[in-house]
Amino acid sequence: MTKTMHTGPVKLPKRPDPKLWVSKAPFGLGRIKPHHIRDTIKVVWDNRDNLPYAYRILTQGVCDGCALGVSGLYDQTLEGPHICTTRLNVLRLNTMPAIKPAMLHADIEELRKLGSSELRKLGRLPYPLIRSKGERSFRRLSWDEALDRIAAKARAIDPKQLAFYLTARGITNESYYAAAKAARLIGTNNIDNASRICHSPSKTAMKRSVGVGASTCNYKDWIGTDVLVFWGSVAANNQPVSTKYMYAAKRKGTKIIVINPYREPAMEGYWIPSIPESALFGTKLADDFYQVNIGGDIAFMHGVMKQWFEMEEEQPGSAIDHAFVREHVNGYEALKPHVLQQSWELLEKSSGLTKERMGEFARLLAASKSGVFVWSMGLTQHRFGTDNISQVANLALLRGFLGREHCGLMPIRGHSGVQGSGEMGADPFSLPGGEFKGADISRIESLWGFKLPEWQGDIVGVSLENALLPERHERKLKLFYTSGGNFIETMPDPDFVKRCLEAVDIRVHQDIVLNSSTLLDAQEEVIVLPAMTRYEQPGGGTSTSTERMVYFSPAIDGPRIGEARAEWQIYADLAARIRPELKTAITFNDAEAIRREIALSAPLYDGIQHLNKQGDVFQWGGAWLCEGGICPTVDGKGNLLAIELPELRKPEGHFYATTRRGKQFNSMIYGQKDAFNDAGRYDVLMNETDAAELGIAEGDAVVVYNRSGTFHGRAKREAIARGNIELYWPEGNYLFHRGVYEPHAGIPEYNASVVVERADTYHALKDTKYTEKRIEELEMEPPA
């Protein structure tokens, strides 16, 4: 069947609409909001030594911020230029000079006094470095010596004792592909990527529910859909350009619904700088907020479906699209009794919302002819993240919101290009164009010309934990090779992660800058390899956006940093040194050669071989996956799944804690104040009534604790659902249990039951028995 193709960008309306204004006060005077003009001026100042190059990056390159996919200043959704503070904030990573030698080779203790933000500002890594155990500073070494030392270690250990990790720091499809191929040629299947701690449950759930692991629709489908639902996603903060799409949707009459414990100010109203009307008066985005409990989304969705089934009993066809379900969906007869048996009392308690509120949302969706569901970390970073997403898919399938215009499921990505990581095979469960199993293994072996390891690789969290295994254990991690990433600032229980990183024999950091994890000791040595940015890579590179657009980003004329090399070149060179007898299998003459091979290895990427100049782009899969309701499953149908309610045990007066992002890009922090609520990095967002009951006033020092750790901060009263608190990430990571992974997708758990107390009360009563008694009242250790 011929797939419908994306039809390109649409125009914004020219006439203003005062009904959508936040305020008649110009530029949001007197309100807490981002200061786009001030921030832009600061970016210009920070890049003043390299402004022409900065300008060329912005106007010629593909954005290395979030995964909306802005090429130059333009995208495939709306006409006109787009730029946002997220992209501007990461710009300096590409334009700054090399770190000065005096600082680069300073005493390690002096460097350790600097946080990652300060280390980042020192500049780019200019040449390979090494620091052996006991040495006080990094020393320089050649590329040959660095790669030979790594290769010698890799040959001396069991391949199961070697692990690769790639973050999404502007990494291109070419680099993901080269890393995936190099790892398997070396003999290890321990290779993972940044989606493991963000959207791995999305891919897993969507595969089992509808047979695909990517967004089924486009951003254009937001514009004119009846209802656009953001689930655990603050797109206005994390993907700012998306506010333009929301504005366009509002102008078309779309209702925007936000489901989140916190009534996010960024989603309530936003001043969009590139739309004059919005820049002046702001734009009301959300039509309604459903403030669900942390972890209560499955119960909420059960409540919605229960309302639908009850509506159907009174008036058949009033809530369920029976024609779509009959033709395109399995599991209806099993799902219906499972949902109807749920008690309203339990659903209300778990979700934190009343039957009436769940009914309002159910009726809104039932009355909508189209809908797009967008979600992010609020749904995925749970030990039941995959079930969360399959429950969203249940709603879409029951309403037929799949495979057509203005409908779909969209896991919105926060990293540029991370969508391509698994699709290129940089994942222990994936290979280019398929899974690490059966026919796909045979297909890739035939294409690559060598045998793949036959054992299942570990997710990155388990690989790190394996560093603490006994010396002779076949999976004890002895060589850890990470491209970007900083696990002590992204994983739960940072102190434990630090122990794991320091227990590795050799740790390799392939990066463009230093971070705090680079400075940790290793049992033998730490090697640092300087990488190029995507804008420096010879032959350019490609990245895949949230909506499956594969963009070409050209090499941009400008300064080059010392001895930095393209990441795909480094992986290929290393693998050839470890397995010289297979050198020809991993040698790529240029970036174009990799793209040609990707087109053969991953059939959906057929077309990538033709991308070679600025503006080149294609979308794999067409405008809509599952077009016409036909899913790429065994029988062509989507699967409704009976999802169990997760057990959420929390004593009265205790809290669920989760994380949020402030002025930052993922773990890279750019400001100490949240631009949307003026909270500091160590503020604890609490419900006003909860705080009053504990005698906690605004700004009071508080202690948040459980068996995993203790967090000292200050209370900030905000519009958050009762019984829930939010802390900033990664500062709050000490409260989350280590080693708790979602069983289907392996994402770590970033939620926990906690005690919140005034600091003076905590310290006045603090003794071992008191603290232990309070912790014992908390939820038992969650099941892994």
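The protein comprises 30 helices and 29 strands, where helices (H or I, at least four residues) and strands (E, at least two) are DSSP runs numbered from the N terminus. This is a predicted model, in which local features need pLDDT of at least 70 and side-chain atom pairs count only at pLDDT 80 or more, whereas totals for chains, interfaces and linings use all residues. Residues are numbered from 1 along each chain as its sequence is written, and side-chain values use heavy atoms, with hydrogens and water left out.

**Overall form**

The C-alpha trace of the protein spans about 75 × 70 × 55 Å along its principal axes.

Of the 784 residues, 65% are buried; buried means under 20% relative accessible area, exposed over 50%, and partly exposed in between (1.4 Å probe, protein chains only). The protein exposes about 28,200 Å², and carbon and sulfur atoms supply 53% of that area. Accessible areas come from the Shrake-Rupley method with a 1.4 Å probe; for residues, only the protein chains shown count as cover. Among contacts between residues at least 6 apart in sequence, 78% join residues at least 24 apart, a contact being heavy atoms within 4.5 Å.

**Charges and salt bridges**

The protein carries 95 positive and 96 negative charges, whose mean positions are 4 Å apart. In this count Lys and Arg are positive and Asp and Glu negative, while His and the chain ends are not counted; the place of a charge is NZ of Lys, CZ of Arg, CG of Asp or CD of Glu.

The structure holds 51 salt bridges, each defined as a side-chain nitrogen of Lys or Arg within 4 Å of a carboxyl oxygen of Asp or Glu. Three of them are listed below.

| Basic residue | Acidic residue | N to O distance |
| Arg196 | Asp192 | 2.9 Å |
| Arg383 | Glu749 | 2.9 Å |
| Arg475 | Asp458 | 3.0 Å |

Arg383 lies in the loop between α19 (377-380) and α20 (385-399), and Glu749 in the loop between β28 (724-728) and β29 (752-758), so this pair ties together parts that are 366 residues apart in sequence. Both Arg383 and Glu749 are buried. Arg196 and Asp192 are likewise both buried.

Arg475 and Asp458 are both buried. Elsewhere, salt bridges that share partners join Asp144, Asp148, Arg565, Asp573 and Arg577 into one network.

**Two selected residues**

His338 belongs to helix α16 (residues 332-340). Because its relative accessibility is 7%, His338 counts as buried. Beyond its neighbours within four places in sequence, His338 is in contact with His302, Ala642, Ile643 and Glu644. Gly61 and His338 are 277 residues apart in sequence, and their C-alpha atoms are 50 Å apart in space.

Asp493 occupies the loop between β15 and α24 (494-503). With a relative accessible area of 11%, Asp493 is buried. Which residues does Asp493 contact, leaving aside its neighbours within four places in sequence? The contacts of Asp493 are with Asn733, Phe736 and Arg738.
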